[in-house]
2 protein chains.
Amino acid sequence: MPTDTTQPRKARGPLNGVDTPTLFATLDAVKGQPELAKFQFRARNRWKTGTMSETTIDTFFGAGGEHAHKTTFKVQADHPNVLVGEDRSPLPVEYLLHALASCIMGGIGNIAAARGVTLTEVEARIEGDIDLLGILGLSNDVRNGYGGIRASFSIKGDAPPEKLQEIVEQSRARSAVFDVLTNGVPVSLSVNAG
Amino acid sequence: MPTDTTQPRKARGPLNGVDTPTLFATLDAVKGQPELAKFQFRARNRWKTGTMSETTIDTFFGAGGEHAHKTTFKVQADHPNVLVGEDRSPLPVEYLLHALASCIMGGIGNIAAARGVTLTEVEARIEGDIDLLGILGLSNDVRNGYGGIRASFSIKGDAPPEKLQEIVEQSRARSAVFDVLTNGVPVSLSVNAG
């Protein structure tokens, strides 16, 4: 969800479906009161059967208070048959690729609007390679997760190719998911059993 | 999608919705032919409007060949109003929490079945703290992504608390998403503009 404060602002109306006046007003509000920038996101997951589970996403904290999403979102995950699941939903590791693509894509929408560029088409293809010898416990030399991820973006709009390229680059540079995936994050886990 | 090869196997039928005979047959097949463990997962994302985009997930490579999911999965992402989106879908950073929870949860299903434990209820609550001063470009000292993530699991089944706790721990220890989030992964990005 990156935005962009490195370019001069012009007074503009909404563009690319982004309400730029609100975007700039938000930036000004946070500049004056930095504690508004502290957010907490949450998910509750419930095991259904086999490799399938469902996550409920409804509330978050930010901008100084509690918020409820407009809708209570439910998302499932499962394994495909070849990984002993029933293929009812995408895999958890496929959701990682979705998170990465959609984070950079949301930023591209915001940044293009802030720079006065109208987008016509933006697409991303993401691939991740994983050797399951790690997960299956068959090799101690192979990590559990992806060994590498490749993302390729194609972007079209009413600006020269260099400017369009810069928009993608700025979005990557301010992407929360890109940061977490490339730099890692501390995760603590507790268990209440029985 | 962790499984568990550290415990002695007993001949067992399906449990917890997990087809354990197939699970063990898969492990044996991969032991004999380790290149079957090489997988590639993929996602294609398309910008829709504003901060909203949609990801299509349909094919993957693994077990020596190409596979198509039973269904072509479509998942959306958006920002909530307070982050200048229209709140039509979960945020990309919320999908990260879903990926983490569902990865460990799928492993719990498999590992419990392999250990002959019948699960009755498993839930996870995940929270991630993020300071948007990073993303908004208002501080160079604040990272773009989560500063920390906390996961708390509660698990019930027909085994003593220590054994249930071990199942969660083994799943965490073999989770692809836990590995990627805590250790990071190289991500390369290319852009085709104009």
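A salt bridge is a side-chain nitrogen of Lys or Arg within 4 Å of a carboxyl oxygen of Asp or Glu. This is a predicted model, in which local features need pLDDT of at least 70 and side-chain atom pairs count only at pLDDT 80 or more, while totals for chains, interfaces and linings use all residues. Residues are numbered from 1 along each chain as its sequence is written, chains are lettered from A, and side-chain values use heavy atoms, with hydrogens and water left out.

Q: What makes Asp78(A), Glu86(A) and Arg88(A) a network?
A: They are linked by salt bridges. Over all chains, the count by this rule comes to 23 salt bridges.

Q: Why is the pair Glu127(A) and Arg150(A) called a salt bridge?
A: Their side chains meet at 2.8 Å, N to O, and the rule asks for within 4 Å. Glu127(A) lies in strand β4 (residues 119–131) of chain A and Arg150(A) in strand β5 (residues 148–157) of chain A, so the pair ties together parts that are 23 residues apart in sequence. Strands here are DSSP runs (E, at least two residues), as helices are (H or I, at least four), numbered from the N terminus.

Q: What makes Lys48(B) and Glu54(B) a salt bridge?
A: Their closest N and O atoms are 4.0 Å apart, and the pair is counted as a salt bridge. Lys48(B), at 44%, is partly exposed, whereas Glu54(B), at 18%, counts as buried.

Q: Where do Arg172(B) and Glu169(B) sit relative to each other in helix α3?
A: About one helical turn separates them, because they are 3 residues apart in helix α3 (residues 161–173) of chain B. Arg172(B) is partly exposed at 22%, and so is Glu169(B) at 38%.

Q: How do you know how many residues of chain B are in contact with chain A?
A: Contact means heavy atoms within 4.5 Å; by that rule 132 residues of chain B are in contact with 132 residues of chain A. The buried area is about 11800 Å², and carbon and sulfur atoms give 62% of it. This is the accessible area (1.4 Å probe) that the two parts lose on being put together, summed over both.

Q: Which salt bridge joins Asp179(A) to a residue of chain B?
A: Asp179(A) meets Arg143(B) at 2.8 Å, N to O. Across the interface, the rule finds 6 salt bridges. On the side of chain B that touches chain A, helix α2 (residues 92–114) of chain B gives the most, with 17 residues.

Q: Why is Cys103(A) called buried?
A: Its relative accessible area is 1%, and buried means under 20%. Cys103(B), also at 1%, counts as buried too.

Key. Buried means under 20% relative accessible area, exposed over 50%, partly exposed in between (1.4 Å probe, protein chains only).
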